Amino acid sequence: MPNPNYNHLQTPLRHTQSSSSSSTSRLLLLLTFLPLTLAFLAFVLQWRGGLTDPATRWSPPGSYQFPGMESSPLSPISRHSTPSASDCLNLGRSVSPSFPYYQDWKFDRGSNLKPKICITTSTSAGLEQILPWMFYHKVIGVSTFLLFVEGKAASPDVTRVLESIPGVKLIFRTKELEEQQAKSRIWNETWLSGFFYKPCNYELFVKQSLNMEMAIIMARDAGMDWIIHLDTDELVHPVGAQEYSLRQLLLDVPGNVDMVIFPNYESSVERDDIKEPFTEVSMFKKNFDHLPKDTYFGMYKESTRGNPNYFLTYGNGKSAARIQDHLRPNGAHRWHNYMKTPNEIKLEEAAVLHYTYAKYSDLTSRRDRCSCKPTKDDVKRCFMLEFDRAAFIVASTATQEEMMNWYREHVVWGDKDVKIKLLRKGILTRINAPMVIAQGLRESGVFDSVIASASKTQSKEKFLSSITSSNSSKAVASRSLPSRRLGRSKKYQATARKYQAIEADEQQHESAVPPQSPPGIETTKQL
C-alpha cells in the first residue's frame, strides 16, 4: 500500500537538496575568490607604496630598524643613486633621504643626554674623510668634537663647513698655538721626553699629546663627562651595550672606573681599489685580547702572511677617560692622572676599528708627510712600527707597478682559502654596522646638506672677506711648525719652570704608551 504522504514530501525534499547544493557552490566560489582578491589588493597597495607592515606598525618601543638598513649595500633592494654635483668627492649620492634617524644634519637631540662624550683628534684630512667619521660618531652618541687642524683640514673651504656644525670646535696650528704649547709642563717632565727631538711619527706623537692636554681643559670647560682621542681613520664599535650606542656603553661603566680601554681591530681589505673605506670595508682582524690564545698563536703564521707582525700597525687599542682633576694624556693611546694611578677596565666586546692602509693611496700620503731618507737605518729614527718603515721605503723607491704589487701582497687579502679559514677560526670577522650607518648617512644626503647649509649662511662677499682677513693666521695653520722645535727654546722652558712646579713623585711616572705591535711569535716561546 503506497504511503499517502510520500508523493507530498518528495517534491520539497528535491528542492531542499538542490538549494543546499547551490549554497555550497556559492560558498566555495566565495572562498576561492576572496583570498585572490585580497592578495591582488595587497599587491597593488604595496606596489604603490601605500601598505604599512603591521609587524613594523605595532612593534614594541625600541625595536627600530637599524640605522640605514633600507639603503644598505646588504639590503636585497638597493635604491638608484646618482653622483652628486658637489666637488667634495661625492659626499652625497641620493636626493631621497633613507636614513631613519635623519631629520636634519645638526643631529640636535638635546643637551641633557648623559654622559656627554667628547672626541679630540689632530688631522690634516679633507671633508671626504672627516664628515663620514664625525657624523658616524654623532649617530652613536658623541656630542662634541675638538679638532686640531692643519694642512687641508685648515683650508677655508673645509673649515667653513666644519665650523658650521654644532658641537665642533676647530683649533688651528698657528704660531700662537705653538708658543702656548711650548709653555706646557710636559716639556719639563720625563714621561714623554723619550719622543722629543725626533722626526715624523715621533713628532706627531708629541704633537698629539700636547693637543690632548689642551683638549682636556676645553672638554672640562664644556661640561663633558668622557674624552676619547681618535684618528680620523678610526671608528668606535660600541657593541656590548643594550643598543648600538657609545653613550649607553659608557653609561654602564661603574662610577669608580677612570679609563676604559677599547682593543682595536684592523681593517682587512679585499680589493686594491678601495676609495671610501667606511662604506666599502667590512672585514677586520680581531685583537689579541678578544681571541683565545691557542687560536691566536696557532694561526699566527697564516694571520701575518709574511708581514713583520700580526697587525700591520698598532695593536694596543685606544681609550676613553673620565673627565676629572689632574687628568693628563699618556701618549695618543692612553690617559693618566698626575695624582693617582687610574682605575681602568678593558672592554670584552667593544672595539676601535682601525682602517689602516685601507686605500692604496695611503702608501704615498704617509710618505709625503715625512722627509726621512728611505734607508733601513734612517726609517728607525722616523717610524715606531716595522710595517710603517717597510711601507715608507717601498713608497719612496719603487715604481708604481712595484708599489701596487707590494700592496697586493702585503695588504690585500687575495687568498680566498686562507681568508675563509681565518674567518671560520674567528680571527677575521665581518662587521657591517659601521658600513651600514655610513652608507645610510650618505644616502640620506646629510653631507650634502651640511655643505649646502654652510654655503647659504655665508655670502660670497663675506666668504672672500674672511679668506683675505684670515690668510695670515690660517696660512700659518696649514704650515705646521715641527713640535720638536718647541722643546729647544730655553726661553720657553724657563717660563714653564717658573710657573709649573714639578713634584718629586711626578718624575716617577712611567713613559707614555706608544703605538705597540700585538704579541709576536716569540711570546709563544716564552709561554
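Q: What does buried mean here?
A: Buried means under 20% relative accessible area. The model is predicted.

Q: Then is Cys200 buried or exposed?
A: Cys200 has 13% relative accessibility, so it counts as buried.

Q: Which partner does Cys200 have in a disulfide?
A: Cys370. The sulfur atoms of Cys200 and Cys370 are 1.7 Å apart. The pair links distant parts of the chain, 170 residues apart. Cys200 lies in the loop between helix 5 (175–182) and helix 6 (201–221). Cys370 lies in the loop between helix 11 (362–368) and helix 12 (376–382).

Q: Is that disulfide right-handed or left-handed, and why?
A: The torsion about the S-S bond of Cys200 and Cys370 is about 75°, so the disulfide is right-handed.

Q: And Cys370, buried or exposed?
A: Buried, because its relative accessibility is 12%.

Q: How many disulfides does the structure hold?
A: Two. Cys372 and Cys382 also form one, S to S 1.5 Å. That link is left-handed, with -90° about the S-S bond. Cys372 and Cys382 are ten residues apart. Cys372 is in the loop between helix 11 and helix 12, while Cys382 is in helix 12.

Q: What pattern do the disulfides follow?
A: 1-2, 3-4, counting bonded cysteines along the chain.

Q: New topic. Which residues form the nonpolar patch on the surface?
A: Leu27, Leu28, Leu30, Leu31, Leu34 and Leu38. Together they have about 590 Å² of accessible area.

Q: Where is Leu30 found?
A: In helix 1, residues 6–48. Leu30 is exposed, because its relative accessible area is 51% and the cut-off for exposed is over 50%.

Terms used:
Residues numbered from 1 in each chain as written. Predicted model: local features only at pLDDT ≥ 70, side-chain atom pairs only at ≥ 80, totals over all residues. Heavy atoms only, no water. Patch = residues over 30% accessible without salt bridge, like charges linked within 9 Å, V, L, I, M, F, W, Y side chains within 5 Å. Areas by Shrake-Rupley, 256 points an atom, 1.4 Å probe, with all protein chains shown as cover. Salt bridge = Lys/Arg side-chain N within 4 Å of Asp/Glu carboxyl O. Helix = DSSP H or I, 4+ residues; strand = E, 2+ residues; numbered from the N terminus. Buried < 20%, exposed > 50% of the residue type's maximum accessible area, 1.4 Å probe, protein only. Disulfide = S-S within 2.5 Å.
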